[in-house]
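Visitor: Before we begin, could you take me through this protein and set each label against the rule behind it?

Guide: Gladly; here it is.

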Amino acid sequence: MHYNLQFFTWTPQDGVHQVGKTVEINALSPKVAATSLLGIRLDETGAARKLAVRVWSDSDEAKAECACFYYH
């Protein structure tokens, strides 16, 4: 399936900021799409390294059905 990914960083002082441009990738699932680009461990919860990714399918133009993952 074709997915779009947006990477974000955040700090308490500056808030959330997108890192780079939206990336398109073909993968079996949203989680596989997120891990295949950076090769960093991720999860849906827990303490993170201030890097996250939002993943949605190419057919969801409203980005309503997106998944978020946090890199550890």
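Guide: Read along the sequence, the elements follow the pattern β-β-α-β-β-β, which amounts to one helix and five strands. Please keep in mind that the model is predicted, so that local features need pLDDT of at least 70 and side-chain atom pairs count only at pLDDT 80 or more, while totals for chains, interfaces and linings use all residues. Residues are numbered from 1 along each chain as its sequence is written, and side-chain values use heavy atoms, with hydrogens and water left out.

Visitor: What makes a stretch a helix or a strand here?

Guide: Both are DSSP runs, numbered from the N terminus: a helix is a run of H or I of at least four residues, and a strand is a run of E of at least two. Strand E4, for example, covers residues 51-57, and Trp-56 lies in it.

Visitor: How do you know which strands pair with E1?

Guide: Two strands pair if DSSP finds at least two bridges between them. E1 (residues 2-11) is joined to E2 (residues 15-26) by nine bridges, and the two run antiparallel; E1 and E4 pair in the antiparallel sense over seven bridges.

Visitor: With which strand does E5 pair over four bridges?

Guide: E5 pairs with E4, again in the antiparallel sense, and in this pairing Val-55 stands opposite Ala-67.

Visitor: Why is Trp-56 called buried?

Guide: Buried means under 20% relative accessible area, exposed means over 50%, and partly exposed is in between, with a 1.4 Å probe and protein chains only. Trp-56 has a relative accessible area of 5%, and is therefore buried. Six of the seven residues of E4 are buried, so this strand is largely enclosed by the rest of the structure. For the protein, buried residues make up 29% of the 72 residues.

Visitor: What makes a group of residues a nonpolar core, and which residues make up the largest one?

Guide: A nonpolar core is a set of buried Ala, Val, Leu, Ile, Met, Phe, Trp, Tyr and Cys residues joined through side-chain atoms within 4.5 Å. The largest has twelve residues in all, among them Tyr-3, Phe-7, Ile-25, Ala-33, Leu-51, Val-55 and Phe-69. At least two residues of this core come from each of E1, helix H1 (30-38), E4 and E5.

Visitor: Which residues does Leu-51 touch?

Guide: Contact means heavy atoms within 4.5 Å. Not counting residues up to four places away in sequence, Leu-51 touches Phe-7, Phe-8, Thr-9, Trp-10, Leu-38, Phe-69, Tyr-70 and Tyr-71. Across the protein, 54% of contacts between residues at least 6 apart in sequence join residues at least 24 apart.
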